[in-house]
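Trainee: Please show me how to read the main features of a fold like this one.

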Amino acid sequence: MKYALVTGASRGIGKACAIKIAQMGIPVIINYQNNIDAAKETLAQIEEAGGSAELLQFNVGNVEEVDAAIDQWEANHPDDYIAYLVNNAGVRHDNVMFMMPLDDWNSVINTSLNGFYYVTRRLITKMMMRKHGGKIVNMASLSGIKGMPGQTNYSAAKAALIGATKALAQEVASRNVTVNAVAPGFIESDMTKELPVDELKKLVPMNRFGTPKEVADLVGFLLSDAASYITGEVISINGGLYT
Ligand code: NAP
């Protein structure tokens with residue numbers, strides 16, 4: 001059986017991706033860091049709709065936790081493999097550079113960039129060895145394309161993730177594994193709920209924030225057979241908010 005792992009699937013965009021993937025008939029592994037109640041809510045929504053999912057707690061930025069959780073999952077699923085991976089977990093700690101604490105720099109880079117490396121390196125070999133290959137989607141951001149003041153840490157992490165997406169895509173293309181990135185603009189979620197929405201949405205040609213479901217529909221497409229010849233791409237989803 002082929003599974004999908006969505007990191008940071010307890011809330012926001014990751015939750016919507018898990019629900020979308022389950023609707024596509026793929027069993028989903030719901031990763032979360034702390035928020036077990038929210039993760040259980042994602043699980044319940046999937047199961048109520050007739051889908052299949054399970055929880056897997058780990059901090060994507062802690063290599064020992066990632067290895068232990070995936071070891072355990074593989075031991076419990078000897079005949080299965082994770083063919084679909086959405087590297088979605090991410091955090092935001094905004095500040096202008098001259099006031100940015102080292103911890104805020106490190107935590108944002110560690111979650112988005114090191115987290116991508118820790119999880120992907122564990123799954124890529126099995127994807128490459130299987131006839132059906134695999135599909136990876138990395139959650140980047142407009143901030144990683146354009147650069148956003150007050151987000152040097154976040155822009156750096158997401159820009160690096162885009163570079164890694166393009167490099168890895170070329171490494172594994174011949175093994176039927178695709179690697180793409182999605183670059184959302186402003187999306188309604190806990191991450192953006194404290195922003196001045198009324199001011200910011202004036203910057204967006206569509207005059208609104210996007211929804212997690214709209215991002216999940218794009219991720220679902222990139223994980224589907226319809227996207228089998230797309231790799232190494234960064235697809236923006238931002239209501240027209242281009243650089
Ligand atoms: P969110 O609502 O704050 O949700 C973040 C999710 O990531 C939660 O499920 C959280 O788990 C999980 N998470 C955080 N750190 C983790 C870690 N170290 N290990 C495992 N899970 C972790 O955020 P969101 O808005 O949905 O953002 C999801 C992704 O989209 C992020 O990569 C973000 O950078 C990107 N993005 C968001 C926007 C936007 O406007 N919202 C725009 C561009 C890109 P817990 O519930 O356990 O804390």
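Trainee: Let's start with the crossing of α3 and α4: is it left-handed or right-handed?

Mentor: A crossing is left-handed if the near helix is turned anticlockwise from the far one by less than a right angle, and right-handed if clockwise. Here, α3 and α4 cross in the right-handed sense. Those labels come from DSSP runs, numbered from the N terminus: helices are H or I with at least four residues, strands are E with at least two. Before going on, note that this is a predicted model, where local features need pLDDT of at least 70 and side-chain atom pairs count only at pLDDT 80 or more, while totals for chains, interfaces and linings use all residues. Numbering runs from 1 along each chain as its sequence is written, and side-chain values use heavy atoms, with hydrogens and water left out.

Trainee: At what angle do α3 and α4 pack?

Mentor: Axes are lines fitted to C-alpha atoms, for helices over the stretch in contact, and the angle, from 0 to 180 degrees, is taken between N-to-C directions. For α3 (residues 63-76) and α4 (residues 102-129) the angle is about 35°, and the axes lie 8 Å apart.

Trainee: Which residues meet there?

Mentor: Contact means heavy atoms within 4.5 Å. From α3 you have Val63, Val66, Asp67, Ile70, Asp71 and Glu74, facing Tyr118, Val119, Arg121, Arg122, Leu123 and Lys126 of α4. Sorted by class, that's six nonpolar, six charged and no polar residues. Nonpolar covers Ala, Val, Leu, Ile, Met, Phe, Trp, Tyr, Cys and Pro; charged covers Asp, Glu, Lys and Arg; the others, Gly among them, are polar.

Trainee: How do I read a core, and which residues touch the most other members of the largest one?

Mentor: A nonpolar core joins buried Ala, Val, Leu, Ile, Met, Phe, Trp, Tyr and Cys residues through side-chain atoms within 4.5 Å. Buried means under 20% relative accessible area, exposed over 50%, and partly exposed in between (1.4 Å probe, protein chains only). The largest core has 33 residues, and Val6, Ile21, Val28, Ile30, Val182, Val215 and Val219 touch the most other members. Elements giving it at least two residues each include β1 (2-6), α1 (12-23), β2 (28-32) and α8. There's also a separate second core of 26 residues, with Val60, Ala69, Leu85 and Ile124 among them.

Trainee: Where is Leu85, and what does it touch?

Mentor: Leu85 belongs to strand β4. Its relative accessible area is 0%, so it counts as buried. Beyond four places in sequence, its contacts include Leu5, Val119, Leu123 and Val137. Val137 is 52 residues away along the chain, yet the two C-alpha atoms are 6.4 Å apart.

Trainee: And Gly220: buried or exposed?

Mentor: Gly220 sits in helix α8 (residues 212-223) and counts as buried because its relative accessible area is 2%. Leaving out residues up to four places away in sequence, Gly220 touches Lys20 and Met24.

Trainee: What about the backbone angle phi at Asn176 and Asn207?

Mentor: Both are residues other than glycine with a positive phi: near 65° for Asn176 and near 60° for Asn207. Asn176 is in the loop between α6 (152-172) and β6 (177-184), and Asn207 is in the one between α7 (197-200) and α8. At 43% relative accessibility, Asn176 is partly exposed; Asn207 is partly exposed at 43% too.
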